[in-house]
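Let's take a walk through this model, one piece at a time. Have the sequence and the 3D view open side by side.

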Amino acid sequence: MAKVEGYIEIDAERCKGCGLCINACPVNVIEFSEDFNSKGYHPARYKGEGCIACGFCYLSCPDVCITVFRGARKKSPVNV
Amino acid sequence: MEVRVAFSGPKSLSGKEFTYCPGCHHGIIHRLVAEVIDELGIQEKTIMVAPVGCSVFAYEFFDVDGTVAPHGRALAVATGMKRALPDRVVFTYQGDGDLAAIGTAETVHAANRGEKLTTIFVNNAVYGMTGGQMAPTTLLGQKTTTTPYGRRAENDGYPIHMSEILSTMRGVAYLERVTVSTPQDIRNAKKAIKKAFLAQIKNIGFGLVEVLSTCPTNWGMTPVEAQQWLLENMTKEFPPKLFIDRVGD
């Protein structure tokens, strides 16, 4: 099976830094940001590569902050 | 390869930021319910009844009609709504303090009457909104602000098993206990919630899903530790199980 490539976008302002997405990610490509958001949390941040678009972070996120895209991040995303 | 959105938030959520603590499972359960409403295409005819508890503002977060019932009376209010408007899909979203303590009578009788309603029962073994007091579902030995040395059976009684009680009711069409602690569990929970809605839509009877949830703030743990604690302790007292399924495939 060809390797699935994807990426995620995290709404850093909405994130409360609970870490459940980081815990759920099977390929370990999410980390806490060093920056604060306006609520004072360290939001989760995509490391930039390695996402397999499995959606575990989306499923685990209690604040609906994460959008998962399948495909390489070159073109602008198309909603389906 | 064309880039496409694989996972994004459901449209039955209003988009307002949840007011729950970081890592609270309410948010996951809200999203699952909204996804099910989207998939069944019932957003326009769904009415929700929010409880008293942490999720008292749940009607703000869902983009469906809704109201709040007095503490514990969500199923009584929902019964009235469903009987007045039988073509609508009415669901209640209740915690364990609401459904299993002050609302026991309303819950048991709504289930026994076989009301065509759906209930999402969020069991986190503690009173969340009021500051972590012992709930009827608190585990033996579990420390809360009102049981600082742990819950003792001789003084505080035993954890109440609502799903086991309701499983004896003939009016119940769908009843399952699930967790949302791992991605696989979350997928299973969504299937269960969908079936509980179908029990109502197909006019079979009462549907209830008990979702075991964490309360990191009142349990005094990080969200990840709380998930682990739930899987190690709560699922022993409240094992995830399908009790009744009269919905079919």
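Start with chain B, where seven strands make an open sheet of mixed pairing, ordered E3-E2-E4-E5-E7-E6-E8. Strands here (E, at least two residues) and helices (H or I, at least four residues) are DSSP runs, numbered from the N terminus, and two strands count as paired if DSSP finds at least two bridges between them. At the edges of this sheet sit strand E3 (65-68) and strand E8 (241-245) of chain B, each pairing on one side only. From one strand to the next, the twist averages 15°.

Before going on, a word on the ground rules. This is a predicted model, in which local features need pLDDT of at least 70 and side-chain atom pairs count only at pLDDT 80 or more, while totals for chains, interfaces and linings use all residues. Residues are numbered from 1 along each chain as its sequence is written, with chains lettered from A and ligands numbered from 1 in the order in which they are written.

Now zoom in on B:Ile47, in strand E2 of chain B. Is this residue buried or partly exposed? B:Ile47 is partly exposed, because 19 other C-beta atoms lie within 10 Å; buried takes 20 or more, exposed 12 or fewer, and partly exposed falls in between, with C-beta atoms placed from the backbone. Leaving out residues up to four places away in sequence, B:Ile47 touches several others, including B:Val64, B:Met81 and B:Val90. Contact means that the C-beta atoms, placed from the backbone, lie within 7 Å.

Chain A has two helices and four strands, laid out along the sequence as β-α-β-β-α-β. Of its 80 residues, 36% are buried.

How do the chains meet? 25 residues of chain B are in contact with 31 residues of chain A. On the chain B side, strand E1 (4-7), helix H1 (26-40), helix H8 (183-201) and helix H10 (223-237) each give two or more residues. Strand E4 (residues 66-70) of chain A pairs antiparallel with E1(B) over three bridges, and there A:Val68 has B:Phe7 as its bridge partner.

Note on methods: Axes fitted to C-alpha atoms, helices over the stretch in contact; angles between N-to-C directions. Contact = placed C-beta atoms within 7 Å.
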